[in-house]
Amino acid sequence: MLVAAFRGWNDGAQGASLAASFLAQSWQARRFADIDPEEFFDFQATRPHVALEGGQTRRIDWPDTVFYHAPLPGLERDAVLTLGIEPNLRWRTFSEELVELASELGVELVVTLGALLADVPHTRPAPVTGSATDPKLVEELGLASSRYEGPTGIVGVVHDACRRAEIPSASLWAAVPHYASLAASPKAALALCERLAGLLDTQFELGDLERAALAYEQQVSEAVASDEETEAYVRELEQRRDALGDELEVPSGETLAAELTRFLREHEARQQDDDDEEQGSN
């Protein structure tokens, strides 16, 4: 099985990338490959970072896509974990390289993790939707058929490449509170890991992630309590969520288009801040 998560538009509040990173650490996964970023990134849009080693030597950290390997706990199969950043360029070539490696390794199932901003409260478990385009996989794993139409991210292109390569694939998305989008959400990561374990009919050791989720909820609650209007809004979201139960409405194309526009605007603003900071340090 290959599990993939990409930072960027597909990763609201870092829920997906945090889940994949946690699994890599929990399973003691071994790094064995990466994709050279030179062909797939505009380094003015996704800039490399300068880091110090030993307080003196400067090191350049490039945006990368890394592959890890680990046996799946309690199962007679292995996992390949793919962690990266949504590339800026040549998405079809990028996805074909990823799927080609998956084919060479004998991957039988690809699962992508994503997180989206939604009208959900931070005080409830993060709802997760699962979908697939293959009718057999939908039935076997108890997923929903993918009927979404609208803008897509790199995960959508990866699934299309999987379809053409005849590799079954599924997509899991966790919803995160839009009012807490700047805080990394271990609660979304926890929900994704639990749903993934359910797909495999097994259990993962998630104690550390559960404790992080509790701390996250407490910290966001403290921040919300400082503003009466936000606090009232969260109470309204709680009532809506409790009324829905386990159901989560799949976002419309208009919703994701608006989210994409917001993400690009915020990304541009952060990039300008990084540029200003870099010029100031120079």
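**Exposed loops and the nonpolar core**

Mentor: Glu166 counts as exposed, because its relative accessibility is 71% and the cut-off for exposed is over 50%. Keep in mind that this is a predicted model. Glu166 sits in the loop between helix 4 (154–164) and strand 10 (169–177). Its phi is near 60 degrees, a positive value in a residue other than glycine.

Asp201 is another such spot. It is not a glycine, yet its phi is positive, about 55 degrees. Its place is the loop between helix 5 and helix 6 (207–225). Asp201 counts as exposed, at 71% relative accessibility.

The largest nonpolar core has 48 residues. Those with the most contacts inside it are Met1, Leu23, Trp27, Leu81, Leu113, Leu196 and Phe204. Helix 5 (residues 186–199) gives the largest share of this core, nine residues. Apart from this core lies another, of 30 residues, including Ile85, Ala102, Val110 and Cys162.

Take Met1. Leaving out residues up to four places away in sequence, Met1 touches Leu72, Arg77, Asp78, Ala79, Val80, Val107, Leu109, Val111, Leu196 and Leu200.

Then Ala20, in helix 1 (residues 15–26). Ala20 is buried because its relative accessible area is 0%, and buried means under 20%. With residues up to four places away in sequence not counted, it touches Ala5, Leu81, Leu83 and Leu113. Val3 is 17 residues from Ala20 along the chain, and their C-alpha atoms are separated by 7.5 Å.

Conventions
Residues numbered from 1 in each chain as written. Predicted model: local features only at pLDDT ≥ 70, side-chain atom pairs only at ≥ 80, totals over all residues. Heavy atoms only, no water. Core = buried A, V, L, I, M, F, W, Y, C linked by side-chain atoms within 4.5 Å. Buried < 20%, exposed > 50% of the residue type's maximum accessible area, 1.4 Å probe, protein only. Helix = DSSP H or I, 4+ residues; strand = E, 2+ residues; numbered from the N terminus. Contact = heavy atoms within 4.5 Å.
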